[in-house]
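Could you keep the sequence and the 3D view open while you read this? I've jotted down a few points for you to check off one by one.

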Amino acid sequence: MLASLQATRSLSEITNMRIVLLGAPGSGKGTQATLLKNRLNVPHISTGEILRAAVAAGTPLGIHAKAVMATGALVSDDIVLGMLEERFRQDDVQRGFILDGYPRNLAQARALDQLLTRLALPIDKALQLDVGEQMLLARLAGRATAEGRADDSPQAVAHRLHVYQEQTAPVIDYYQRSGALVRVPGEGSVDQILERIIAALG
Ligand code: AMP
(Lines give C-alpha, C1' and ligand atoms only; values in the text may rest on other atoms or scores of the structure.)
Protein backbone atom coordinates (compact mmCIF):
# COMPACT_ATOMS: atom_id res chain seq x y z
CA MET A 1 0.00 0.00 0.00
CA LEU A 2 2.76 2.43 1.02
CA ALA A 3 4.84 1.38 -1.98
CA SER A 4 1.95 2.03 -4.35
CA LEU A 5 1.31 5.44 -2.79
CA GLN A 6 4.96 6.33 -3.25
CA ALA A 7 4.86 5.15 -6.87
CA THR A 8 1.83 7.36 -7.52
CA ARG A 9 3.53 10.34 -5.95
CA SER A 10 6.75 9.98 -7.93
CA LEU A 11 4.80 9.53 -11.20
CA SER A 12 2.91 12.75 -10.58
CA GLU A 13 6.20 14.53 -9.87
CA ILE A 14 7.53 13.46 -13.28
CA THR A 15 4.34 14.28 -15.12
CA ASN A 16 3.46 17.54 -13.43
CA MET A 17 5.17 19.53 -16.16
CA ARG A 18 4.27 22.78 -17.84
CA ILE A 19 5.54 22.64 -21.40
CA VAL A 20 5.47 25.01 -24.35
CA LEU A 21 5.81 23.24 -27.69
CA LEU A 22 7.54 25.28 -30.41
CA GLY A 23 8.00 24.54 -34.09
CA ALA A 24 7.04 25.69 -37.57
CA PRO A 25 3.69 24.82 -39.14
CA GLY A 26 4.05 21.17 -40.21
CA SER A 27 6.76 20.40 -37.62
CA GLY A 28 4.49 17.79 -35.98
CA LYS A 29 3.58 19.81 -32.87
CA GLY A 30 -0.07 18.74 -32.93
CA THR A 31 0.72 15.04 -33.40
CA GLN A 32 3.37 15.00 -30.70
CA ALA A 33 1.27 17.06 -28.29
CA THR A 34 -1.55 14.51 -28.54
CA LEU A 35 0.82 11.59 -27.82
CA LEU A 36 2.61 13.45 -25.06
CA LYS A 37 -0.64 14.43 -23.40
CA ASN A 38 -1.56 10.74 -23.08
CA ARG A 39 1.92 9.79 -21.87
CA LEU A 40 2.18 12.57 -19.26
CA ASN A 41 -1.54 12.70 -18.46
CA VAL A 42 -1.74 16.48 -18.76
CA PRO A 43 -4.10 18.59 -20.89
CA HIS A 44 -3.10 19.69 -24.38
CA ILE A 45 -3.93 23.34 -24.99
CA SER A 46 -3.84 24.29 -28.67
CA THR A 47 -4.72 27.89 -29.50
CA GLY A 48 -5.33 26.86 -33.14
CA GLU A 49 -7.86 24.25 -31.98
CA ILE A 50 -9.58 26.66 -29.60
CA LEU A 51 -9.86 29.13 -32.49
CA ARG A 52 -11.12 26.45 -34.92
CA ALA A 53 -13.77 25.44 -32.35
CA ALA A 54 -14.88 29.09 -32.08
CA VAL A 55 -15.07 29.29 -35.90
CA ALA A 56 -17.14 26.08 -36.04
CA ALA A 57 -19.46 27.35 -33.28
CA GLY A 58 -19.92 30.66 -35.13
CA THR A 59 -19.23 32.78 -32.02
CA PRO A 60 -18.43 36.49 -32.61
CA LEU A 61 -14.78 35.71 -31.90
CA GLY A 62 -14.95 32.81 -34.37
CA ILE A 63 -16.50 34.94 -37.10
CA HIS A 64 -13.67 37.49 -36.70
CA ALA A 65 -10.94 34.82 -36.49
CA LYS A 66 -12.16 32.84 -39.51
CA ALA A 67 -11.21 35.48 -42.09
CA VAL A 68 -7.80 36.10 -40.50
CA MET A 69 -6.97 32.40 -40.18
CA ALA A 70 -7.92 31.65 -43.78
CA THR A 71 -5.09 33.95 -44.98
CA GLY A 72 -2.50 32.36 -42.67
CA ALA A 73 -2.02 35.57 -40.65
CA LEU A 74 -2.13 35.73 -36.86
CA VAL A 75 -5.29 36.53 -34.91
CA SER A 76 -4.79 39.59 -32.67
CA ASP A 77 -2.69 39.10 -29.53
CA ASP A 78 -5.46 40.43 -27.24
CA ILE A 79 -8.06 37.96 -28.47
CA VAL A 80 -5.78 34.94 -28.16
CA LEU A 81 -4.46 35.99 -24.74
CA GLY A 82 -8.02 36.42 -23.45
CA MET A 83 -8.95 32.92 -24.66
CA LEU A 84 -5.84 31.47 -23.12
CA GLU A 85 -6.38 33.11 -19.75
CA GLU A 86 -9.88 31.62 -19.62
CA ARG A 87 -8.39 28.19 -20.38
CA PHE A 88 -5.63 28.50 -17.76
CA ARG A 89 -8.20 29.27 -15.09
CA GLN A 90 -9.68 25.78 -15.41
CA ASP A 91 -8.78 23.21 -12.76
CA ASP A 92 -7.14 20.58 -14.98
CA VAL A 93 -4.10 22.78 -15.79
CA GLN A 94 -3.02 22.60 -12.14
CA ARG A 95 -1.48 19.20 -12.89
CA GLY A 96 0.56 20.58 -15.82
CA PHE A 97 -0.10 21.22 -19.52
CA ILE A 98 1.29 21.15 -23.03
CA LEU A 99 0.79 24.48 -24.77
CA ASP A 100 0.84 24.26 -28.57
CA GLY A 101 0.52 27.20 -30.97
CA TYR A 102 1.34 29.90 -28.43
CA PRO A 103 3.45 32.08 -28.16
CA ARG A 104 3.64 33.06 -31.86
CA ASN A 105 5.62 36.30 -31.35
CA LEU A 106 7.73 38.00 -28.67
CA ALA A 107 4.83 40.06 -27.30
CA GLN A 108 2.91 36.81 -26.73
CA ALA A 109 5.94 35.21 -25.06
CA ARG A 110 6.19 38.10 -22.61
CA ALA A 111 2.42 38.16 -22.01
CA LEU A 112 2.49 34.41 -21.35
CA ASP A 113 5.26 34.76 -18.77
CA GLN A 114 3.32 37.50 -17.01
CA LEU A 115 0.07 35.53 -17.05
CA LEU A 116 1.64 32.30 -15.81
CA THR A 117 3.61 34.11 -13.10
CA ARG A 118 0.35 35.68 -11.93
CA LEU A 119 -1.32 32.25 -11.88
CA ALA A 120 1.74 30.63 -10.20
CA LEU A 121 2.08 28.23 -13.16
CA PRO A 122 5.47 29.14 -14.72
CA ILE A 123 6.78 27.20 -17.74
CA ASP A 124 9.24 24.36 -17.01
CA LYS A 125 10.41 23.63 -20.57
CA ALA A 126 10.08 25.12 -24.04
CA LEU A 127 10.46 22.23 -26.45
CA GLN A 128 11.40 23.06 -30.03
CA LEU A 129 10.68 20.51 -32.76
CA ASP A 130 13.37 21.17 -35.35
CA VAL A 131 12.36 20.27 -38.92
CA GLY A 132 13.97 21.34 -42.25
CA GLU A 133 11.97 23.38 -44.76
CA GLN A 134 11.69 20.62 -47.40
CA MET A 135 10.12 18.28 -44.84
CA LEU A 136 7.75 21.01 -43.61
CA LEU A 137 6.48 21.66 -47.13
CA ALA A 138 6.02 17.94 -47.82
CA ARG A 139 4.08 17.42 -44.58
CA LEU A 140 1.86 20.47 -45.11
CA ALA A 141 1.04 19.35 -48.66
CA GLY A 142 0.12 15.88 -47.31
CA ARG A 143 -2.06 17.40 -44.58
CA ALA A 144 -3.88 19.65 -47.06
CA THR A 145 -4.98 16.51 -48.92
CA ALA A 146 -5.79 14.49 -45.80
CA GLU A 147 -7.56 17.07 -43.60
CA GLY A 148 -8.75 19.79 -45.98
CA ARG A 149 -7.92 22.62 -43.56
CA ALA A 150 -8.76 26.01 -45.10
CA ASP A 151 -5.34 27.40 -44.14
CA ASP A 152 -3.42 24.55 -45.78
CA SER A 153 -3.99 26.03 -49.27
CA PRO A 154 -0.65 26.77 -51.04
CA GLN A 155 -1.00 30.55 -50.56
CA ALA A 156 -1.92 30.28 -46.88
CA VAL A 157 0.87 27.76 -46.22
CA ALA A 158 3.43 30.10 -47.81
CA HIS A 159 2.14 32.96 -45.68
CA ARG A 160 2.14 30.89 -42.47
CA LEU A 161 5.78 29.85 -43.05
CA HIS A 162 6.70 33.50 -43.67
CA VAL A 163 4.90 34.60 -40.48
CA TYR A 164 6.73 31.85 -38.60
CA GLN A 165 10.16 33.00 -39.81
CA GLU A 166 9.46 36.67 -39.18
CA GLN A 167 7.53 36.57 -35.92
CA THR A 168 7.70 33.18 -34.23
CA ALA A 169 11.34 32.14 -34.74
CA PRO A 170 12.58 34.93 -32.35
CA VAL A 171 10.56 33.23 -29.60
CA ILE A 172 13.09 30.38 -29.69
CA ASP A 173 15.89 32.79 -28.70
CA TYR A 174 13.65 34.17 -25.97
CA TYR A 175 13.39 30.73 -24.34
CA GLN A 176 17.05 30.00 -24.96
CA ARG A 177 17.96 33.09 -22.98
CA SER A 178 15.58 32.13 -20.17
CA GLY A 179 17.22 28.67 -20.00
CA ALA A 180 13.97 26.77 -20.67
CA LEU A 181 14.70 25.76 -24.30
CA VAL A 182 15.19 22.12 -25.29
CA ARG A 183 15.75 21.29 -28.98
CA VAL A 184 14.56 17.99 -30.43
CA PRO A 185 15.15 16.87 -34.05
CA GLY A 186 11.64 16.53 -35.48
CA GLU A 187 12.46 14.24 -38.43
CA GLY A 188 12.01 10.46 -38.24
CA SER A 189 9.07 8.28 -37.24
CA VAL A 190 6.37 9.62 -34.93
CA ASP A 191 7.44 7.13 -32.23
CA GLN A 192 11.13 8.00 -32.52
CA ILE A 193 10.37 11.68 -32.13
CA LEU A 194 8.13 11.02 -29.11
CA GLU A 195 10.90 9.02 -27.40
CA ARG A 196 13.39 11.83 -28.09
CA ILE A 197 10.98 14.28 -26.49
CA ILE A 198 10.48 12.13 -23.39
CA ALA A 199 14.26 11.74 -23.04
CA ALA A 200 14.74 15.50 -23.44
CA LEU A 201 12.18 16.24 -20.74
CA GLY A 202 13.73 13.85 -18.23
P1 AMP B 1 -2.25 26.30 -35.66
O2 AMP B 1 -3.29 25.24 -35.58
O3 AMP B 1 -1.49 26.49 -34.37
O4 AMP B 1 -1.35 26.17 -36.85
O5 AMP B 1 -3.04 27.68 -35.85
C6 AMP B 1 -3.86 27.91 -36.98
C7 AMP B 1 -4.12 29.41 -37.12
O8 AMP B 1 -4.78 29.92 -35.95
C9 AMP B 1 -2.87 30.28 -37.26
O10 AMP B 1 -2.39 30.34 -38.60
C11 AMP B 1 -3.39 31.64 -36.78
O12 AMP B 1 -4.20 32.27 -37.75
C13 AMP B 1 -4.31 31.22 -35.62
N14 AMP B 1 -3.55 31.14 -34.34
C15 AMP B 1 -3.27 30.01 -33.62
N16 AMP B 1 -2.56 30.30 -32.51
C17 AMP B 1 -2.38 31.66 -32.55
C18 AMP B 1 -1.71 32.57 -31.71
N19 AMP B 1 -1.03 32.16 -30.61
N20 AMP B 1 -1.73 33.89 -32.04
C21 AMP B 1 -2.38 34.33 -33.13
N22 AMP B 1 -3.02 33.51 -34.00
C23 AMP B 1 -3.02 32.18 -33.71
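Here are my notes, starting with the ligand and ending with the backbone.

1. Before you start: this is a predicted model, where local features need pLDDT of at least 70 and side-chain atom pairs count only at pLDDT 80 or more, while totals for chains, interfaces and linings use all residues. Residues are numbered from 1 along each chain as its sequence is written, and side-chain values use heavy atoms, with hydrogens and water left out.

2. Look at the ligand first. Helices here are DSSP runs of H or I with at least four residues, strands are E runs of at least two, and both are numbered from the N terminus.

3. Now zoom in on the backbone around the ligand. A polar backbone atom of Ala73 is 2.6 Å from a ligand oxygen. Ligand nitrogen atoms come in too: one lies 3.1 Å from a backbone N or O atom of Val75, and a backbone N or O atom of Gly101 is 2.9 Å from a ligand nitrogen. Taken alone, the ligand exposes 480 Å², and the protein buries 95% of that (Shrake-Rupley method, 1.4 Å probe).

4. Next, follow the strands. β1 (residues 18-22) and β4 (residues 125-130) pair in the parallel sense over 4 bridges; pairing needs at least two DSSP bridges. β4 also pairs in the parallel sense with β5 (residues 181-185), over 5 bridges.

5. Which residues does the cis peptide bond join? Tyr102 and Pro103, with omega about 0°. You'll find Pro103 in the loop between β3 (97-100) and α6 (106-118).

6. Last one: Asn41 has a positive phi of about 55°, although it is not a glycine. Asn41 sits in the loop between α2 (29-40) and β2 (44-46).

Terms used
Polar contact = N/O pair within 3.5 Å; in protein donor to acceptor, adjacent residues only side chain to side chain.
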